[in-house]
Structures are given as C-alpha cells and as structure tokens.
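Hi,

Here is the structure I promised to pass on to you. Have a look at it first, and then read my notes below.

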Amino acid sequence: MKSIVHHIQLLVNTRMHTNVLRGSELALLPTIADAYLIIENGIILRYGHMQDLNREEQADEWIDATGAMVMPAWCDSHTHLVFAETRESEFVDKIKGLSYEAIATKGGGILNSARKLANCSEEELFDRAMIRLHSLMQLGTGAIEIKSGYGLNTEQELKMLRVIQRIKSAAPIPVKASFLGAHTYPLAYKENHEGYIDEIINEMLPLIAKEKLADYIDVFCEQGFFNVEETERICKAGIALGLKPKIHANQLHASGGVQLGVGLQAVSVDHLETMDADAIKALSNSNTIGTLLPTAAFFLRMPFQPARTLLEANAAIALASDYNPGSSPSGNMNFVVSLSCIQMRMLPEEAINAATLNGAYAMELGEELGSITPGKRANLIFMKQVPSLAYIPYSFGNNLIDKVMINGHFI
Ligand code: NIG
Ligand code: FE
C-alpha cells in the first residue's frame with residue numbers, strides 16, 4: 001500500500017537522520033513548505049518539495065493535504081494510563097487547602113488508587129485503559145509509556161503489568177511498560193520499609209523478568225516515599241535483570257534523585273519541579289533525558305520545571321503528560337505543549353521537538369518515531385488550517401487536529 005500526501009502547507013520536523021536533541025538544538029525545528037510525503041506500508045519512504053514530486057510517481061492513494069500542517073504524532077513517554085477510577089474528591093480536598101502529601105498521609109493518593117485497583121478485574125482495567133488510549137490517539141498521541149504502581153503487592157503489580165502487555169498487543173501504536181512497584185509503601189509495610197523493598201527485589205522483579213512484563217524500572221524517589229539509597233538498590237536490582245531505569249525524581253523536593261538517575265545511566269529522570277544547582281549540573285551534558293511534566297505542576301499548583309535553565313545548561317529535555325488520576329488527570333499532549341510555552345517559556349519549536357523526537361528517545365523509540373524521517377513509522381498529525389507553527393501552542397485548549405494517521409492509516 002503506497003500513499004502520496006500532496007500539497008502539504010507545512011511538513012514539520014523533517015530530518016534525514018536523528019539523534020536526541022540537547023540545549024540549543026531544540027530550537028531548530030526543520031520544516032518544508034508546500035511539501036509532499038510518500039508512505040509505503042505504514043512507513044515514511046520519502047518527502048520533499050511539491051515541485052520535486054515526480055508526476056509519474058505511482059500510488060494506491062493520493063491524499064490532498066492542501067492547507068494542512070502535517071507533523072509527527074506526540075510521543076508521550078510518561079503515563080500511568082492503567083488505573084481503576086478517577087479521584088476527583090481529592091481534587092476538591094486540594095481546592096479546600098489540603099496538600100498532595102497531606103492527602104497521601106490520610107490514606108488518599110496512590111493508596112486510594114491501589115485499593116480501587118485491587119477491586120477491579122484485569123478485563124475491566126484493560127477496557128478502561130483502552131478507552132483512554134483511543135481518546136489520546138484522537139488527540140495525536142502516537143506512542144506511549146505506561147507504568148504499573150497502583151498494585152503495591154506481587155499479585156496486583158503483576159496484574160497491572162499483564163494489562164499493559166495486553167494493551168501492547170492490542171494497540172496500533174508502540175507501548176512501553178515500566179515497573180513502578182516502588183511508587184509508595186503499602187499500608188501493610190508502613191512500618192517495615194525493608195520488608196516491602198525485599199518483596200520488590202526478591203519476589204516481584206524475578207517474576208517480571210521471567211515473564212518479560214516490563215521494559216523499565218521506575219521508583220518514586222521522594223521524601224516520605226523512597227529515599228536515594230532505597231531507589232538505588234531497587235534500580236540496581238532491575239538493571240541486573242535487564243531493566244533500564246526511568247525514575248520519578250525531584251517532584252516535591254530536591255532529593256538527589258536526578259544525580260542518582262544520571263549516575264545509573266537512566267533513560268530519563270522525570271518531573272524535575274524542584275531542581276537545585278547540583279541537579280542541573282548533573283543533567284547537563286549527560287545522556288539521561290530530563291522529562292518535564294508541566295501538567296502535574298499545573299494541577300498541583302507547584303512551581304513549573306526550569307526548562308530555560310535546563311536548556312541553557314545543554315540538557316536533553318522531553319515533555320510528557322504524566323496522565324494519572326492524582327496529579328495529572330489528562331493525557332492531552334496538545335495542552336502539555338501549550339503549557340510548556342506559556343509557563344516555562346519554551347519556544348514553540350523547542351516544545352514540539354521535546355514532545356515528539358525527544359519523547360521518542362525517552363522511550364528508546366527515537367529510531368522509529370518522533371520525526372518525518374525515511375524509515376520511521378507514519379504516525380502523523382494533520383492539523384486543521386492554522387496560520388503558523390506558533391499558533392499551535394498559542395491557541396491553547398482549542399482542538400486544532402483535523403485527522404490522525406497511525407501506521408499510514410487515518411483513525
Ligand atoms: O507522577 N508522583 C508520583 N506519582 C504520580 C502521581 C500518582 C498519583 O497521585 O496517583 C505522578 O505525579
Ligand atoms: Fe508519574
């Protein structure tokens with residue numbers, strides 16, 4: 001099956017070869033005006049200026065994209081998409097003044113989601129997550145990472161990871177799985193942290209490795225959750241079984257999680273609301289991607305991530321949604337991109353690169369997705385007629401997406 005998309009007003013993020021972008025490189029977003037794009041069997045074959053399109057070129061399908069901007073689909077490298085129920089009553093508690101930590105202390109937060117998940121069948125969890133996934137695809141998400149972490153015991157964590165595996169098989173887009181057993185201490189181990197860490201390392205991880213249920217090991221490295229030393233032990237146990245770290249770091253406190261992640265050669269360290277000079281220094285020039293989750297900062301009324309400082313320090317940064325029922329009950333990457341421009345002063349070019357190409361690299365999918373590059377998957381967004389690239393983040397909250405293409409087919 002060969003398709004030719006013709007008369008594209010602007011083809012965005014065109015690159016013959018790619019690598020992860022760092023520092024000032026993010027501000028360069030290559031585009032081609034009045035472009036064509038040839039797709040064969042769901043893979044990008046070639047692109048160029050309309051004037052260079054061979055009129056004799058044969059195709060099964062011609063797609064007229066007059067007036068449309070075409071860009072790579074969003075690559076959302078950090079989500080908690082599998083959960084049983086939403087938590088809007090905590091949202092109201094927060095409006096009334098309770099903090100995220102105070103809600104967690106009274107048994108809300110992650111423990112609340114764990115209780116609900118335990119009462120939800122695998123079938124039901126899968127169905128609910130697939131509904132969410134399909135609505136995210138309509139919003140332009142073309143690859144996604146999903147974490148466990150609402151199980152908090154061997155049986156329930158494995159249940160979550162099996163659900164993620166089922167999503168992997170059923171979804172038309174690439175899905176990566178992270179094991180986040182170390183999300184919080186379950187009530188049974190409130191006074192026995194070593195007992196729970198022992199269950200993670202000696203019970204959960206071997207089973208997960210045996211059944212190949214995860215791609216990454218994640219830990220919530222945070223005061224009141226897992227400290228740096230505990231995070232290190234858990235990550236190293238995962239690494240020994242072939243799972244690279246992708247960790248939650250520096251969300252509520254400058255905990256040392258970033259430095260640890262960089263030292264362990266984590267694929268990414270995520271959140272980064274509270275960065276100190278040392279953490280910024282660690283991330284600059286390291287191969288670990290700093291993934292910023294601005295909707296979590298927005299929803300929890302936290303300071304936003306210091307994107308400009310990180311870019312000036314030559315860090316590689318990505319943007320992701322953190323979709324979860326507690327701190328970011330939306331996986332809309334269009335809003336993530338807008339918010340990063342509005343609140344973190346990222347340029348539209350930087351935000352789009354961070355949410356496409358660098359997001360793909362933050363899932364080790366950079367050779368497969370995230371740009372218009374020959375050989376990559378045709379997971380694309382066709383925007384409605386917009387006056388300029390900057391209009392995309394500027395026009396926040398408005399749905400600018402006309403059509404989404406996954407593997408060469410409109411969904
Ligand atoms: O990434 N910070 C830890 N975990 C999630 C929130 C989980 C929840 O509240 O359910 C996050 O923000
Ligand atoms: Fe998260």
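Predicted model: local features only at pLDDT ≥ 70, side-chain atom pairs only at ≥ 80, totals over all residues.

Residues are numbered from 1 along each chain as its sequence is written, chains are lettered from A and ligands numbered from 1 in the order in which they are written, and side-chain values use heavy atoms, with hydrogens and water left out.

Now for the polar contacts, which are pairs of N or O atoms within 3.5 Å. A polar side-chain atom of S327 is 2.5 Å from an oxygen atom of ligand 1, while a side-chain N or O atom of H183 lies 2.8 Å from a nitrogen atom of ligand 1. The protein buries 100% of the 330 Å² that ligand 1 exposes when taken alone (Shrake-Rupley method, 1.4 Å probe).

The iron ion (ligand 2) is coordinated by H78 (NE2), H80 (NE2), H248 (NE2) and D322 (OD), at 2.1 to 2.3 Å; donors are N, O and S atoms within 2.8 Å of the metal (3.2 Å for Na, K and Ca). In sequence, these donor residues follow the spacing H-x1-H-x167-H-x73-D. H248 also has a side-chain N or O atom 3.0 Å from an oxygen atom of ligand 1.

Happy exploring!

Notes:
Polar contact = N/O pair within 3.5 Å; in protein donor to acceptor, adjacent residues only side chain to side chain.
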